[in-house]
Amino acid sequence: MTVDLLLKGGHVMTEGGLVRADLAISGEKIVGLVAPGDILSARRVVDVSGLHVLPGLIDTHSHHREPGFTHKEDILTATRACAAGGVTVSVAMPNVSPPPTTAERLRDMFALYEEKAIVDYNVNPAATVLEEIPKMAEMGILAFKVFMVVDTGRSYPHMPGIGVHDHGELFRIFQTVARTHRPLMVHPHDQELMNAIEQSYWAQGRRDFRAYAEAYAAYDGIIWDTAVALLLRLQEATNVRLHLLHVHTRRSIEMIRAAKAEGRSVSAEVNPWALWLGNEWETIERLGSYALSYYVPPPHAEAVWKAVVDGTIDVLATDHAPHTREEKEPGWIDGWKAHTGTPSAQYYLSLLLTEVARGRLSLERAVQLTATQPAKLFGLYPKKGAIRVGADADLVIVDLTAEATITNESVLSKCGWTPYAGRTVRGLPIHTLVRGRFVFEEGRVVGEPGYGRLARPVS
């Protein structure tokens, strides 16, 4: 048997654990795992001795900014960053212009990705137009998305048309999505409570980045916990497959843990900012709005890490959210005028592998969070998310011993900066393969626009 590619001598993370093996690839598929040194003919052999071969990352929550906001990022620059970071499937969120709220708009977005994406892709459309939900469900999407937030004093990043906080409207969305059997992702947020909280800060003349961070964490995270409680009750009533985004409070985690114990169809996601940025007040003081998303005070930060390790949190997804410096700078004076979110697709694997090196979690758990569980929850498994014969050859090959200091100069995202600049990480991607083809090789992006393909659910 002659195969197209043989990755020789690596430590391969299979579903059964880590094994030393040669990995055989033909076409787009994994066709064999053989003992090191077994004779196998290959058109190309790549020696990966001393390296670890992991399933490619599946990032189910990323903001690529195209169409409408390509001054921040576009599909090509976003998927270049993905390739460099070991991400082989990147799923876009709907806060673009025009937002994908209809089948026609979603079709137009898919056409852009078909032309420009380097890695495989999908789009989570906004489930805000009830009659369009069944049509979009049939187009190969992985999930729907709803934002429970409407920004105060700005129209971005949570623009009109994608934000829903009326409970009756949410209930109808839950019912409609449940009939499609696709998951529903929700950004939890209690808009009415937030209105009251932020206005109390403004009445004191407090609007800077510190006030913004404190307001969103005020009263021990009440705006998050009340929203999560509502969403879990709606899930129970409708039996929708609910995926909770941005989980970062201890009460939310307790409620999710209880719902799972009841066997309900509930899953949860954490983002890099909750693990490595917003959980340190010193970082917020140093970076201001460049570190925000949201503040995660110490008791909550501890609960989040515990949930990451014990499995209560299912997925680590980037919430990759690039903005220009000009859009972040106003936050020093007025946090409500800075666009929220941080870029992270290129570095989140290395940040996570650094925690593996420190012993905070196992390599197996890191793979579950970033590849296997996303694939299973959103219907891509067994085609993607695991190294197994017959699966797509979506792989990231990492050097667990290599160290590097993150710099703004190394950023591939169009925004040109990272809040992680200056951090030293241990564990670096060396190669990334999408369906058997190198898109990142020896520290250089080699993937071509248009190679990426729609990652359709298989279940």
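Ground rules, quickly. The model is predicted, with local features needing pLDDT of at least 70, side-chain atom pairs counting only at pLDDT 80 or more, and totals for chains, interfaces and linings using all residues. Residues are numbered from 1 along each chain as its sequence is written, and side-chain values use heavy atoms, leaving out hydrogens and water.

Overall build first. The protein chain has 14 helices and 17 strands; these are DSSP runs, helices H or I of at least four residues, strands E of at least two, numbered from the N terminus. A compact globule of 459 residues would have a radius of gyration near 23 Å, and the protein chain's 21 Å agrees. That radius is over C-alpha atoms, and the globule rule is 2.2 Å times the number of residues to the power 0.38. Of the 459 residues, 63% are buried, meaning under 20% relative accessible area with a 1.4 Å probe, protein chains only.

Now the pocket. How much space lies in the largest pocket? About 380 Å³. A pocket here is an open set of points on a 1 Å grid over the protein atoms alone, where a 1.4 Å probe fits, with protein on both sides within 12 Å along at least five of seven lines; lining residues have an atom within 4 Å of a point. Points join across faces, edges and corners, and the volume is the space filled by probe spheres set on them.

The lining has 19 residues, with A84, Q346, Y347, L428 and F440 nearest the centre. β14 (395-405), β15 (424-434) and β17 (444-445) each give two or more. β15 gives the largest share, four residues.

Conventions:
Buried < 20%, exposed > 50% of the residue type's maximum accessible area, 1.4 Å probe, protein only.
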